[in-house]
Amino acid sequence: MRPPSPRVAMEMAANPNKVTAALPEDTLVMYSGQKLRLLFDQIADVAGLADVGGESLMTQIERSLGINLEQDLFGWADGEYALALISDPDSEGPLGILQMPANLLLLIETKDDRVAERGMQNIADALTREGGSQFNEEKIGGVTFHTITDPYQATTIGYGLVNHFVVIGTSHQVLREVATAADQSLARDDAFRNFISRLPARNSGYVYTNVELLVDTVYEQMPEYAQKDFDASTRPYLKSVRAMGLANQQPGGKDVQRGSMFLLLARNVDP
């Protein structure tokens, strides 16, 4: 199956942005959209995996891992989704890869919690059969999550349901933050609210970056000599930028997409 045309993607209603109320306010970078299946098909096509030896990528995954994505994931992932990088001061990044104090969150909206729970349980069971590690049930921030922890790397991967979103995270801290994000969510952040108000009325997804927080997070990990170089050569160009966002919109032509970029600048920044 080939991915839908850009026109099909753009004919969806604008994102309701409910997912932003589930993300914590210390979100560094976030990509959102609707209908996870569309993204999956597009990635498979770009990577040349949509059809390998007469098999679709979903067929390959089912054959190798025993996971039926159509039934266990796309059958219930019918709303918004967001992939986000979240500030996590006590971490070295997901699985130690990023080497920075941040971790990943994936949120996928569902209209049927029970179907989503069954699908995620099927996926967890398949991963247990493949890798041998068992998911354990635990309460984090008052929400039941299913987690696997690597005792040697102090790394946790877990999933659970929060307000009709399946949440998948790569640390206890980010799972706790999304479980308790109601009063300190991204949707309440002034910079994000300013950005979201300027989105095109009809879009297929967007990227948002809290430039201030991301720069500060990366800066704290630099050695002193690199900080000095950064302060001299890079900070003057970034210190007035609070946030940045990208969105895809349709100007009205056939199968034509147009990207819009938004920069939120700080006022009264010292030279």
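Which residue caps the N-terminal end of H6? Ser 171 does, with a side-chain oxygen that lies 3.3 Å from the backbone nitrogen of Gln 173.

## Basis of the model

This is a predicted model, in which local features need pLDDT of at least 70 and side-chain atom pairs count only at pLDDT 80 or more, while totals for chains, interfaces and linings use all residues. Residues are numbered from 1 along each chain as its sequence is written, and side-chain values use heavy atoms, with hydrogens and water left out.

## The chain as a whole

The protein chain has 10 helices and 10 strands, taken as DSSP runs (helices H or I, at least four residues; strands E, at least two) and numbered from the N terminus. Of its 271 residues, 44% are buried, a term for under 20% relative accessible area with a 1.4 Å probe, protein chains only.

Helix H6, residues 172-179, has Val 174, Leu 175, Glu 177, Val 178 and Ala 179 as its buried residues.

Leu 107 touches, by contact of heavy atoms within 4.5 Å, residues including Leu 23, Val 167 and Val 178, where residues up to four places away in sequence are not counted.

Technical notes
Buried < 20%, exposed > 50% of the residue type's maximum accessible area, 1.4 Å probe, protein only. Polar contact = N/O pair within 3.5 Å; in protein donor to acceptor, adjacent residues only side chain to side chain.
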